[in-house]
Amino acid sequence: MTKYYHITTYGCQMNVHESEKIAGILSELGYESCERIEDADIAVFNTCCIRENAENHAFGNIGMLKKLKKSKKDMIIAVGGCLTQQIGKADVLHEKYPYVDVIFGTHNLNDLKALIIKKQKQKKAVIEIKDEGVICEEEHPLRTSFPNAWINITYGCNNFCSYCIVPYVRGRERSRRSENIIREAEELISKGYKEITLLGQNVNSYANGTDDISFPELLRRIAKIDGKFRLRFMTSHPKDFSEELAKVISENPKICHSVHLPVQSGSNPVLKAMNRKYTVEDYIGKVEILKKYVPDCTLTTDLIVGFPGETEEDFLGTMRLVERVGYSSAFTFVYSKREGTVAARMDNQIPEDVSKDRIMRLIALVNSQTRSQSAQYVGKTVEILCEDFDTKKGLYQGRDGYGRMAYFASDKNAIGEFVNLKITEANGISLYGERI
Ligand code: SAH
Ligand code: SF4
Ligand code: F3S
């Protein structure tokens, strides 16, 4: 009888890709994927704890499985990811949801197979959280994102931005050897993947302190692989964004002309309190270098409002910076207090109503910029990489080299193809076009 798995993923691309690795492990154990959690023999939750709501969301959904588990006693429920890696959280989880069978952390994804086998043999829950991780090159991700493929280049983070939990739950920065990364990229391209995204919390510090090649050189070598494909990377920490990197982007047409460069705030006192290690002026300097080498490069960013001590004037600095840079889109967040971080101990936390008001104003500004940039597309021809079929719209969808989403009709399956579209309509962030 076929046994099924279901994975629920929260959080960033890193987690989405790790769920592909979990899927690989489960398929090696003989499970097949299923759409509905009710049909699963094993349900895995790959969690996130970057903000409180991400954590609550996961806890809520795990809580909802109590009934299902009662009626389906043999079902295995496994919880892993960043939430479980927080100090003491695995025990909280076990106490609150005793019907969870396996709890694992971010450093022992590769033990999952053994942990499941152990659980199959015993009644007691299997809980294993490790403090440190080593890089494992024996992974066989079951990729679900064709024609896009993610490749990890670094794990962990050493930056300790004062608001952020990632360094605590992902550990110190570790870089994969460049030859392994390049080999993985070559394999994916030979299999027909058309877009490679290199992943790391701070890709620009790749291989720092080792004898391996630098990040710009890594990009250069991957961009030299034969075949038509796009190369992206995220995330770039502005403090480590170099002129060399801007140069490499300008010289290698396969590298997309869109860079995600999270600024977080447009106020120097806030950036200092955030421990971001750059000023607004430094950041603008980096943007100017990038634009000097790659004039058509678009930028996206992450922004936080309501960081402890943020004044109205600080917030207006963020608004001015957004106007100045003209981001093509931005992820906007209300600061969320994370236990154990430096910012959680700051005493000037911002009231919720003030943060809410600020985020609304910021979202309105970001959206108006995105809309006006979209409108400029109408009448132009763009090359998009078709990624999926949107069943609701009944249209194929894909993105251009700048990351802009466009929809179009097609008689035949276009997923994985580069398609030229004449843009006929812009609606919010989305573009609509006709195939030419
Ligand atoms: N390593 C990446 C991204 C990490 S998390 C980087 O440094 O850019 C993605 C985004 O979540 C961050 O850029 C930040 O904007 C946001 N974030 C992180 N911690 C947060 C917190 N405590 N509250 C609100 N937003 C947060
Ligand atoms: Fe978090 Fe800062 Fe590291 Fe990004 S660079 S993961 S925001 S600590
Ligand atoms: Fe990603 Fe969330 Fe962990 S953003 S690194 S899954 S805390």
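I started at I222, which touches I181, I182, A185, L198, F229 and L231, leaving out residues up to four places away in sequence. Contact here means heavy atoms within 4.5 Å. I then looked up the other core: it lies apart, has 27 residues, and includes I37, C49, C82 and Y99. The largest nonpolar core has 67 residues, and I222 is among the members that touch the most others, with L198, F215, L218 and F233. I took a nonpolar core as a set of buried Ala, Val, Leu, Ile, Met, Phe, Trp, Tyr and Cys residues joined through side-chain atoms within 4.5 Å. Buried is under 20% relative accessible area, exposed over 50%, partly exposed in between, with a 1.4 Å probe and protein chains only.

Notes on the model. It is predicted, so I kept to its limits: local features need pLDDT of at least 70, side-chain atom pairs count only at pLDDT 80 or more, and totals for chains, interfaces and linings use all residues. Residues are numbered from 1 along each chain as its sequence is written, chains are lettered from A and ligands numbered from 1 in written order, and side-chain values use heavy atoms, without hydrogens or water.

Next, strand β13. It covers residues 298-305, and eight of its eight residues are buried. Helices (H or I, at least four residues) and strands (E, at least two) are DSSP runs, numbered from the N terminus. In a regular strand the side chains alternate between the two faces of the sheet. I checked both faces of β13: T298, T300, D302 and I304 are buried on one side, L299, T301, L303 and V305 on the other.

I looked at its partners. Strands pair if DSSP finds at least two bridges between them. β12 (residues 258-260) runs parallel to β13, with three bridges. H260 stands opposite T300 there. β14 (residues 329-334) is also parallel to β13, over six bridges, and V305 faces V334 across that pair.

β13, α13 and β14 form a right-handed β-α-β unit. Right-handed means that, with the strands pointing away from the viewer, the path from the first strand over the helix to the second runs clockwise.

I picked two residues from this unit's surroundings. F315 sits in helix α13, residues 312-325. Why do I call F315 buried? Because its relative accessible area is 0%. Its contacts beyond four places in sequence are V305, E310, R358, R361 and L362. S328 lies in the loop between α13 and β14. S328 counts as buried because its relative accessible area is 7%. S328 touches T298, L299 and T300, and also T370, Q373 and R404.

Then β15 (residues 381-390). It pairs antiparallel with β18 (residues 418-427) over five bridges, where I384 is partnered by V419. β15 is also antiparallel to β16 (residues 395-400), over six bridges, and C386 pairs with G398. Their hairpin has four residues between the strands, and G394 takes a positive phi near 70°.

Last, the ligands. I counted a residue as near a ligand if one of its heavy atoms lies within 4 Å of it. Around ligand 2 I found C157, N159, F160, C161, Y163, C164, V166, P167, Q201, H237 and R276. Around ligand 3 are C12, N15, C48, C49, I50, C82, R170 and Q201.
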